[in-house]
Amino acid sequence: SGALGYLNKRLVILHRLGNRQAEANAHLNIGKAYRGLNNYNKAIESELKALQIHEEISDFSGKASTLLLIGEIYFSMGNYDSAKEYYVEGLRLAQNIGDSINETQAYLLMGTLLAKTNNSAIALDNLFRALELAENRESKKDICKVHLVLYEAYKSIGNFEKAFEHHEKHFKIDKEIYNVESDRKLK
């Protein structure tokens, strides 16, 4: 597609300029584009290149984020074992460097995976850990996301009272975010 052609040209230029950080980001975006086209093998190939650059330039936050992204691609493929391996590696790295944004994301992804594979008790543990981290950072977007996954998790185990409670919280915060963004656009 046209977007991929553009991204590949950009990558060549960035490589020549020696901007490693931007080069890693270009690989990430190419990977996301391939994932959008359901070309998972190409997507993983690109993300692994980004991972290698993050490693070389000691961008450990970028590395944690990319590990989680690779896990998400494996999750999309239905390869839950590989997804889990990458999630765990991303989580450990995020914890080691004190990156609570990626730590939150890792717990959220892990909770989603565990809910999908019928490990609901452990799924809920992970999701509540994600919620706690998101609340500590006062990240409404992350809090909103976690409530949505909690809603799905409780619904899947038939606890409709809890499911409804989290759906309500998700809806309320989502509305707050929307209102804040609308106000910002108006100003």
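A residue counts as buried under 20% relative accessible area, as exposed over 50%, and as partly exposed in between. The analysis below applies this scale to a predicted model.

Salt bridges were searched for across the whole structure, and 12 were found. One of them joins Arg129 to Glu103, with the closest N and O atoms 3.8 Å apart. This pair links distant parts of the chain. Arg129 lies in helix H7 (residues 120-136) and Glu103 in helix H6 (residues 100-116), 26 residues apart. Arg129 has a relative accessible area of 29%, so it is partly exposed. Glu103 is at 10% and therefore counts as buried.

Lys145 and Asp142 both lie in helix H8 (residues 140-156), three residues apart, or about one turn of the helix. Their side chains meet at 3.6 Å, N to O. Lys145 is partly exposed at 40%, whereas Asp142 is buried at 11%. Shared partners also join Arg20, Glu23 and Glu56 into one network of salt bridges.

Helix packing was examined for H3 (residues 40-56) and H4 (residues 60-76). Their axes are 9 Å apart, at an angle of about 165 degrees. Angles over 145 degrees count as roughly antiparallel, so H3 is roughly antiparallel to H4. The crossing of H3 and H4 is left-handed. Residues in the contact include Leu48 and Leu51 of H3 and Leu67 and Ile70 of H4. By class, the contact has 12 nonpolar, four polar and three charged residues. Glu55 of H3 and Lys63 of H4 also take part. These two form a salt bridge, with the closest N and O atoms 2.5 Å apart. Lys63 is buried at 14%, while Glu55 is partly exposed at 39%.

Definitions and conventions. Residues numbered from 1 in each chain as written. Predicted model: local features only at pLDDT ≥ 70, side-chain atom pairs only at ≥ 80, totals over all residues. Heavy atoms only, no water. Axes fitted to C-alpha atoms, helices over the stretch in contact; angles between N-to-C directions. Helix = DSSP H or I, 4+ residues; strand = E, 2+ residues; numbered from the N terminus. Parallel < 35°, antiparallel > 145°, perpendicular 65-115°, else oblique. Left-handed = near helix turned anticlockwise from the far one by under 90°. Contact = heavy atoms within 4.5 Å. Nonpolar A, V, L, I, M, F, W, Y, C, P; charged D, E, K, R; others polar. Salt bridge = Lys/Arg side-chain N within 4 Å of Asp/Glu carboxyl O. Buried < 20%, exposed > 50% of the residue type's maximum accessible area, 1.4 Å probe, protein only.
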